[in-house]
Amino acid sequence: MLGFLKRNLRNTSCETETNAYISLVRYNLEYCCTVWNPHRKNLVHKVEMVQRRAARFTTNRYHNTSSVLDMLHNLHWETLETRRQKLQLTMLYKIIHQLVEIDPGPFLTPTKPRPMLPHSTRFLSYSTSTDVMKFNFFPRCIPLWNNLPASAAEAHSLASFKNELSGLLF
């Protein structure tokens with residue numbers, strides 16, 4: 001799809017190319033990412049390389065001395081891995097607050113409240129022995145959730161939760 005954009009969007013503005021990338025390419029890369037999230041480094045790297053190529057395309061800087069990290073920073077694009085983590089946390093928020101039709105009862109066990117913990121909505125982590133379970137949605141998201149600051153984890157609405165997530169670094 002990125003090759004299609006390169007062939008058909010010649011001599012267009014950076015904004016047009018960015019909008020085309022976000023709507024056609026990144027949308028496909030993030031489709032079902034709450035369920036499918038690569039955990040092996042080589043797969044994460046392959047997915048990230050698509051965005052790196054898109055950054056070169058949108059800024060029209062193909063020289064090997066051009067820094068892709070600077071391009072990504074100037075375009076204000078987060079890494080796809082960070083975006084996937086935020087989308088997973090958003091889905092977990094929806095599950096906890098019953099905004100989707102998934103019963104949290106069988107999957108989430110609240111911990112006992114302790115004053116030293118960052119927030120009161122913490123859950124017990126899964127103890128897994130296989131990679132199939134270890135990299136599943138709940139075992140992967142619960143540690144991320146438990147490390148959230150209280151302002152995010154105890155947000156009163158989905159919009160405020162997303163707003164809190166946007167300010168966090170992963």
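Lysine 86 forms a salt bridge (a side-chain nitrogen of Lys or Arg within 4 Å of a carboxyl oxygen of Asp or Glu) with glutamate 78, and the closest N and O atoms are 2.5 Å apart. The model is a predicted one, in which local features need pLDDT of at least 70 and side-chain atom pairs count only at pLDDT 80 or more, while totals for chains, interfaces and linings use all residues. Residues are numbered from 1 along each chain as its sequence is written, and side-chain values use heavy atoms, with hydrogens and water left out.

Burial is expressed as relative accessible area, where buried means under 20%, exposed over 50% and partly exposed in between (1.4 Å probe, protein chains only). Lysine 86 is buried at 8%, whereas glutamate 78 is partly exposed at 29%. The structure holds two salt bridges. In the pair formed by glutamate 30 and arginine 83, the side chains meet with an N to O distance of 2.4 Å. Glutamate 30 is buried, with a relative accessible area of 14%, and arginine 83 is partly exposed at 22%.

The protein chain has nine helices and zero strands. Helices (H or I, at least four residues) and strands (E, at least two) are DSSP runs, numbered from the N terminus. The C-alpha trace spans about 60 × 35 × 30 Å along its principal axes. Of the 170 residues, 36% count as buried. The chain exposes about 10,800 Å², of which carbon and sulfur atoms supply 56%; accessible areas come from the Shrake-Rupley method with a 1.4 Å probe, and for residues only the protein chains shown count as cover. Among contacts (heavy atoms within 4.5 Å) with a separation of 6 or more, 58% are between residues 24 or more positions apart.

Helix α5 (80-96) has 17 residues, which should span 24 Å at 1.5 Å a residue; its end C-alpha atoms are 24 Å apart, in agreement with that value. The expected span is 1.5 Å times one less than the number of residues. Because 12 of the 17 residues of α5 are buried, the helix is largely enclosed by the rest of the structure. The buried residues include Leu80, Arg84, Lys86, Leu89, Leu92 and Ile96. Their cover includes α2, α3, α7 and α9.

In soluble globular proteins, nonpolar side chains tend to be buried together. A nonpolar core is here a set of buried Ala, Val, Leu, Ile, Met, Phe, Trp, Tyr and Cys residues joined through side-chain atoms within 4.5 Å. The largest such core has 18 residues, of which Leu92, Leu108, Phe138, Trp145, Leu148 and Phe161 touch the most other members. At least two residues of this core come from each of α5, α7 (137-146), α8 (150-153) and α9 (158-166). Apart from this core lies another, of 17 residues, with Ala54, Val68, Leu75 and Trp77 among them. When residues up to four places away in sequence are not counted, phenylalanine 161 touches Leu89, Thr90, Tyr93, Trp145, Leu148, Ala152 and Ala155.

On the surface, Met1, Phe4 and Leu24 form a nonpolar patch with about 280 Å² of accessible area together. Patches are made of residues with over 30% relative accessible area and no salt bridge, with like charges joined within 9 Å and nonpolar side chains (Val, Leu, Ile, Met, Phe, Trp, Tyr) within 5 Å. Phenylalanine 4 lies in helix α1 (residues 2-8) and is partly exposed, at 41% relative accessibility.

Several loop residues complete the description. Serine 66, in the loop between α3 (41-59) and α4 (68-75), counts as buried at 15% relative accessibility. Leaving aside neighbours within four places in sequence, serine 66 is in contact with Arg56, Arg61 and Met71. Most residues other than glycine have a negative phi. Histidine 76, in the loop between α4 and α5, has a positive phi near 60° and is exposed, with a relative accessible area of 70%. Glutamine 98 follows α5 and has a positive phi near 55°. Glutamine 98 lies in the loop between α5 and α6 (131-134) and counts as exposed at 57% relative accessibility.
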